[in-house]
Amino acid sequence: MTYSELVTGLKNVPPQELRVSEDDYFEGVFLQASMPTASVGLEAYFGVPLKPLGMSAGPEAEKISKPYGGIQTGQTLYVRKGQEGLDCALIWPWGNGVSVTLKIIRE
């Protein structure tokens, strides 16, 4: 799966709000209920999360997520290291229990 295929799939979920969709950055707000569908595409592109929901972040997850605000126990971090650089996806649930923000960054 390519980055553009991942983004196309996420747009088809669809997001509640599409904030940014560029060659190196994607940001959208999704319903929590639609995240199992979105996660299929995320795992096809990234593999399993480096920092799954509910787990504490290890040193590598802390280092990668720090420039983007860090990663907490209730959040998820996916990472893909390639020849072109590092791609990461951060999933941040909202306090309302209904929505989540998904950010995908290509470094």
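The model is predicted, so local features need pLDDT of at least 70, side-chain atom pairs count only at pLDDT 80 or more, and totals for chains, interfaces and linings use all residues. Residues are numbered from 1 along each chain as its sequence is written, and side-chain values use heavy atoms, with hydrogens and water left out. Helices (H or I, at least four residues) and strands (E, at least two) are DSSP runs, numbered from the N terminus. Two strands pair if DSSP finds at least two bridges between them.

- Strand 1 runs antiparallel to strand 2, joined to it by 4 bridges, and E17 stands opposite V29 in strand 2.
- A hairpin through 3 residues links strand 1 to strand 2.
- Strand 2 (residues 25-31) pairs with strand 5 in the antiparallel sense over 7 bridges, with G28 opposite L102 in strand 5.
- Strand 4 (residues 85-93) and strand 5 also run antiparallel, joined by 7 bridges, and C88 has I105 in strand 5 as its bridge partner.
- The hairpin of strand 4 and strand 5 has 5 residues between the strands, and G97 there takes a positive phi near 75 degrees.
- For background, most residues other than glycine have a negative phi, and most peptide bonds are trans.
- Strand 3 and strand 4 pair in the antiparallel sense over 7 bridges, and K81 stands opposite L86 in strand 4.
- Strand 5 (residues 99-106) is largely enclosed by the rest of the structure, because 7 of its 8 residues are buried; buried means under 20% relative accessible area, exposed over 50%, and partly exposed in between (1.4 Å probe, protein chains only).

**Helices 1 and 2**

- Y3, L6 and L10 in helix 1 meet A38, G41, L42, Y45 and F46 in helix 2, where contact means heavy atoms within 4.5 Å.
- The residues of this contact divide into 7 nonpolar, 1 polar and no charged; Ala, Val, Leu, Ile, Met, Phe, Trp, Tyr, Cys and Pro count as nonpolar, Asp, Glu, Lys and Arg as charged, and the others, Gly among them, as polar.

**Nonpolar cores**

- A nonpolar core is a set of buried Ala, Val, Leu, Ile, Met, Phe, Trp, Tyr and Cys residues joined through side-chain atoms within 4.5 Å.
- Among the 18 residues of the largest core, L10, F26, F30, L42, F46, L102 and I104 touch the most other members.
- Leaving aside neighbours within four places in sequence, F46 is in contact with L6, Y78, V79, R80, D87, C88, A89 and I104.

**Single residues worth a look**

- S65 lies in helix 3 (residues 59-65) and counts as buried because its relative accessibility is 0%.
- Not counting residues up to four places away in sequence, S65 touches G70, I71, L77 and L90.
- S99, in strand 5, is buried with a relative accessible area of 4%.
- Beyond its neighbours within four places in sequence, S99 is in contact with Q16, V29, F30, Q32, P93 and W94.
- P14 sits in the loop between helix 1 and strand 1, and a cis peptide bond with omega of about -10 degrees joins V13 and P14.
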